[in-house]
Amino acid sequence: RKYVHGKFLREMREKAREIFGGKKCRSRSLDFTFTADYLELRNSDIVMNALTTKTYTDKKILFDDSVTKFNLKLKDQERVLLLSENAIYNVKPPLTKRCKVQRRIPIQDVSRISMSTYGDNFIAIHIKEGAEDFKRGDTLLSMTRKTEFVATLMDAAAALNHTIDLHFDDRIRARLYQNELEVQVVEDASLPPREEQLSLMSKVLLKVSVGAELGSRAPVGKQ
């Protein structure tokens, strides 16, 4: 069982190379060993009981980690991100006594994933039109293990015969309810090589400045 899990993680790393190679400055994360269960929630009765109810029928956690979610006013919120074989879960920490699910997004309701070409941590998960939860809009996150999450999500989508488009643009746009938000990612040579700096420019625009090792000096170049 341990061997099978290790084989799966190695396959996810290779899938990530296929997805990001030549498109995104993300080389170092492609060399890391993928772990997937970063918060050790797979054996948590509290979490699994929340995922296996009459409403939700998920049986396993493919990925879990702490992330930062941005709301419709670009205010940051601490969250736990769970990926099961069927859905993405936005959970409010802590998970000591209960697992409070803030939002469940079926994988088949995800139309597109948007990221910049730089090595920043931002990602937008877009909801397809016509989905039951479409009015709530997209999900905007900052997460350090984005590469692994996306590779695992794409694999889970393929298992459901669902296709998720990947969009690379240094202006990441997301719709939250009626608000059209934008994350603008730029390189700033004055910053330390691997630093990421956030500047709220307005209620709907967040500027993300990155050092050179997350941009032009990253081994994985842009096309």
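## Salt bridges, to start with

A salt bridge is a side-chain nitrogen of Lys or Arg within 4 Å of a carboxyl oxygen of Asp or Glu. Side chains of opposite charge can pair when their charged atoms come close. The structure you're looking at is a predicted model, and it holds five salt bridges. We'll come back to some of them after a look at the whole chain.

## The chain as a whole

The protein chain has 223 residues, and 48% of them count as buried. Its secondary structure comes to four helices and twelve strands. The accessible surface is about 11,600 Å², with 47% of that belonging to carbon and sulfur atoms.

How do the contacts run along the sequence? If you take contacts between residues at least 6 apart in sequence, 56% of them join residues at least 24 apart.

## Helix 4

Helix 4 covers residues 146-159, which makes 14 residues.

Is helix 4 largely enclosed or largely open? Eleven of its 14 residues are buried, so the rest of the structure largely encloses it. The buried residues include Phe-149, Val-150, Leu-153 and Met-154. Lys-146, Thr-147 and Glu-148 in helix 4 are buried too. An α-helix has 3.6 residues a turn, so residues three or four places apart point the same way.

## Arg-103 and its partners

Now for strand 4, where Arg-103 sits. Arg-103 is buried because its relative accessible area is 6%, and buried means under 20%. Arg-103 forms a salt bridge with Asp-133, with the closest N and O atoms 2.6 Å apart. Asp-133 lies in the loop between strand 6 and strand 7, so the pair ties together parts that are 30 residues apart in sequence. Asp-133 itself has a relative accessible area of 21%, so it counts as partly exposed.

Arg-103 also meets Thr-139: their side chains make a polar contact at 3.4 Å. Thr-139 is in strand 7, which covers residues 139-142, and with a relative accessible area of 10% it is buried. Leaving out residues up to four places away in sequence, Thr-139 touches Arg-103, Ile-105, Ile-123, Ala-124 and Ile-125.

## Arg-104 and Asp-58

What does Arg-104 pair with in a salt bridge? Its partner is Asp-58, and the N to O distance between the side chains is 3.2 Å. This pair links distant parts of the chain, 46 residues apart: Arg-104 is in strand 4 (residues 100-106), while Asp-58 is in the loop between helix 3 and strand 1. Asp-58 has 0% relative accessibility, so it counts as buried.

Another salt bridge joins Arg-173 and Glu-182, with their closest N and O atoms 3.6 Å apart. Arg-171 comes into the picture as well: salt bridges that share partners join Arg-171, Arg-173 and Glu-182 into one network.

Are Arg-173 and Glu-182 buried or partly exposed? Arg-173 is partly exposed, because its relative accessibility is 44%. Glu-182 is at 15%, so it counts as buried.

Methods:
Residues numbered from 1 in each chain as written. Predicted model: local features only at pLDDT ≥ 70, side-chain atom pairs only at ≥ 80, totals over all residues. Heavy atoms only, no water. Helix = DSSP H or I, 4+ residues; strand = E, 2+ residues; numbered from the N terminus. Expected span 1.5 Å × (residues − 1). Buried < 20%, exposed > 50% of the residue type's maximum accessible area, 1.4 Å probe, protein only. Contact = heavy atoms within 4.5 Å. Areas by Shrake-Rupley, 256 points an atom, 1.4 Å probe, with all protein chains shown as cover. Polar contact = N/O pair within 3.5 Å; in protein donor to acceptor, adjacent residues only side chain to side chain.
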